[in-house]
There are 2 protein chains.
Amino acid sequence: MRTVPQHARLALLLEVSSTPKPGNVDREREYEDLRFEHFVAGAVGTEDGFERAAGGGAVGDSFERAVAGMSEQTGGNTQFGAVLLLVPLVRAAANAPRRGEFDGEDAAAVVRATTVADAVDFYRAFEHVDVAVDEPPEGMEDLDVRQGGDAEPALRDRGLTLADVMERSASVDGLAAEYVNGFERTFAAASAIADGDGPVTERTAAVFLDLLAAEPDTFIATQHDRETAQEVTRRAAAARAGEESVTELAAEFVERGINPGTTADIVAGGLFVALERGVEV
Amino acid sequence: MRTVPQHARLALLLEVSSTPKPGNVDREREYEDLRFEHFVAGAVGTEDGFERAAGGGAVGDSFERAVAGMSEQTGGNTQFGAVLLLVPLVRAAANAPRRGEFDGEDAAAVVRATTVADAVDFYRAFEHVDVAVDEPPEGMEDLDVRQGGDAEPALRDRGLTLADVMERSASVDGLAAEYVNGFERTFAAASAIADGDGPVTERTAAVFLDLLAAEPDTFIATQHDRETAQEVTRRAAAARAGEESVTELAAEFVERGINPGTTADIVAGGLFVALERGVEV
């Protein structure tokens, strides 16, 4: 039987193997400098971090180590957000009384128990890889994640835990929102993947499109703007309704550099939960 | 820095990610009941076995455990041969005085040190998954691998080590030949992958075609017949010379169920050696 951390790695691998996921790197689409094999190597590199998370290590430290390992490939940021989402899920899964018996509240409890040290390690993780982020809001310049570990004094002065940091970003970052809202979309994605028919990668691609059509992707809003994120939501809904071709949409989004990263991260989290609950590959 | 067993898993994943490899499952081609994600889950499942091999565990036991883990997916046999080739390579790599400093002779020494218990565990591995094999030669019925662990008395009576078992199959099985010949084609593939230009998956696909054009694939000879294996060699050579389209050849071979599995296994071994010697992804 596969272990909890093995399911985390398998979730990352199945996410990138599912196709078509308009705008994302998948088996059939990639960017010249961000390729399928970068995601594969990134997933393998996360092992030590996920082992720590499952073994009871701190959330921040486990995350930072997973990102350090993920970054040992030449493509840059492959799965920073997915790993961020997975770490508290892995911990909750490892703590479950029986395999698969955990829910969003259990993962939320892991988040609530985070400390200032977890926040510092979260910031340190940004030193390993370039992550697209917005400018910090006014009055929060000392909390700019691009400083990495240099933000430690500000975090300690303000006494901010990782849960606090996420709360401050939840309105503009779909992953922080998951941390704050009890991983609602992640568990909904898991149920949708579990309830589907056919090969797991096909079910996953369908769930990805559903999520993309339901809410603007915050990574697109950060990399481009809110209007582009809203356009993607509308067009994903049209594709879902059969009014647009999914494969043409995928080609156009890659051409325009529109990468719904947050939606992909939530799908990776959903795959992990689905695997823990017994979905077969 | 990735560990030796992580490189073994990454090699399996990069092998199936490389395309086009005419006749094999890859990112763009699969069979209805043997899909890309089965190989991905198979690779993740090998972890415990490779960790044992790197940690000094017996070759046979490490192999049997890797195959047991690999088999926890619904596609059946995905990487039995590749894992068989990788186990002594992983052990030789883990024993190397410095990362990457090992050669075919070191792996051959691992093979020569195998015992009857390794042979028994090798036979047991056949209980986990259906592997296409030929009828045993006359007078060797008691050594038919399809018996699994039931062959133990015969192996013990004859005092056959895993090295002895491989020697008896070397003339008809390309992987057994590697065990006996000091992993010659595996290390040549590693050098060719290391010397190539461009993304590692493209280099790997090119090396696969070179190997396929050089020698008949023994898995095809087993599953079909010697003539089919020879036809594949000729047509791969024609594709390499630009006289046939590689992608059309890939489509035709999948359609005909022609799966050059031994060549894919040697490529996976070559990828592992190349990664250990510093090839970047």
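The rule asks for a side-chain nitrogen of Lys or Arg within 4 Å of a carboxyl oxygen of Asp or Glu.

A word on the model before the details. It is predicted, so local features need pLDDT of at least 70 and side-chain atom pairs count only at pLDDT 80 or more, while totals for chains, interfaces and linings use all residues. Residues are numbered from 1 along each chain as its sequence is written, chains are lettered from A and ligands numbered from 1 in the order in which they are written, and side-chain values use heavy atoms, with hydrogens and water left out.

Next, the interface. Chain A gives 28 residues to the contact and chain B gives 27. Contact here means heavy atoms within 4.5 Å. About 2,600 Å² is buried between the chains, and carbon and sulfur atoms give 52% of that. Buried area is the accessible area (1.4 Å probe) that two parts lose on being put together, summed over both. On the side of chain A, A:Arg27, A:Glu37 and A:Val281 lose the most area to chain B, together 24% of what that side buries.

How many salt bridges cross between chain A and chain B? Six. One of them joins B:Arg35 to A:Glu202, at 3.2 Å, N to O. B:Arg27 and A:Glu30 also meet in a salt bridge, again 3.2 Å, N to O. Each partner sits in the loop between α1 (4-17) and α2 (36-45) of its own chain. Buried or exposed, what is B:Arg27? Buried, with a relative accessible area of 5%. A:Glu30 counts as partly exposed, at 24%. The cut-offs: buried is under 20% relative accessible area, exposed is over 50%, and partly exposed is in between (1.4 Å probe, protein chains only).

Within chain A, A:Arg35 pairs with A:Glu37, the closest N and O atoms being 3.1 Å apart. A:Arg35 is buried at 10%, and A:Glu37 is buried at 2%. There is a network too: salt bridges link A:Arg9, A:Glu47, A:Glu51, B:Arg9, B:Glu47 and B:Glu51.

Last stop, α7 of chain B. Helices are DSSP runs (H or I, at least four residues), numbered from the N terminus. Eight of the ten residues of α7(B) are buried, so the helix is largely enclosed by the rest of the structure. The cover includes α4 (59-70), α5 (80-95), α8 and α9 (162-169) of chain B. One of the buried residues is B:Tyr123.

B:Tyr123 leads us to B:Asp144, which touches B:Tyr123 and B:Pro136, leaving aside neighbours within four places in sequence. B:Asp144 lies in the loop between α7 (116-125) and α8 (152-158) of chain B. B:Asp144 is buried as well, at 14%.

Note on methods. Helix = DSSP H or I, 4+ residues; strand = E, 2+ residues; numbered from the N terminus.
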